[in-house]
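Thanks for coming. Let me put the structure up, and then we'll go through it.

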Amino acid sequence: MQTILVTGGAGFIGSNLVDKLLNEGHKVVVIDSFTDNYPAEIKRDNLTVANHFKDFHLVEGDTTDSKTIEKVFESYKIDKIVHLAAEVGVRASIIDPLKYVKTNIYGTTVILEAAKKFGVKKNHLSIIKLCLWE
């Protein structure tokens, strides 16, 4: 059994991946900040199936918070990472571009640094980012 970290795992894509990984017998740790891009209740509902697995762990936190991220890596032996956490939405990115830079660039850097520090192999890291430009 591998322990897989899924950032942004409460979103639509992430939660479906989490369900698949759990059904395959993996231990899954999700980090999600439940931002207001859409209602948090929807994201919590996305984790309904996952919540029934003993090998599912939810950490409510932000990928830009290096202390939270390091605590996750210290608490769980992370074997693989699927990094999906991102600020999304073209219009909102025009209104507050620095929020997007912080989450999408700095947050990714925090995850990469933790992966390096805690010895996650390079080929065990997937970064999936949707870059939308109008």
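I'll take the strands, then the rings.

This is a predicted model: local features need pLDDT of at least 70, side-chain atom pairs count only at pLDDT 80 or more, and totals for chains, interfaces and linings use all residues. Residues are numbered from 1 along each chain as its sequence is written, and side-chain values use heavy atoms, with hydrogens and water left out.

Start with strand S2, residues 27-32. Helices (H or I, at least four residues) and strands (E, at least two) are DSSP runs, numbered from the N terminus. Five of the six residues of S2 are buried, so the strand is largely enclosed by the rest of the structure. Buried means under 20% relative accessible area, with a 1.4 Å probe and protein chains only.

Now its partners. Two strands pair if DSSP finds at least two bridges between them. S1, residues 3-7, pairs with S2 in the parallel sense, over five bridges. Leu-5 stands opposite Val-29 in S2. From S1 the chain crosses through helix H1, residues 12-23, to S2, a right-handed β-α-β crossover. Right-handed means that, with the strands pointing away from the viewer, the path from the first strand over the helix to the second runs clockwise.

S2 also runs parallel to S3, residues 56-60, joined by five bridges. Here Val-28 stands opposite Phe-56. S2, helix H2 (residues 40-46) and S3 make a right-handed β-α-β unit.

Last, the ring of Phe-34. What sits over it? The charged end of Lys-43, 5.6 Å from the ring centre. Arg-44 lies over the face of Phe-34 too, at 4.0 Å. The cut-offs: NZ of Lys or CZ of Arg within 6 Å of the ring centre and within 35 degrees of the ring normal.

Key: Buried < 20%, exposed > 50% of the residue type's maximum accessible area, 1.4 Å probe, protein only.
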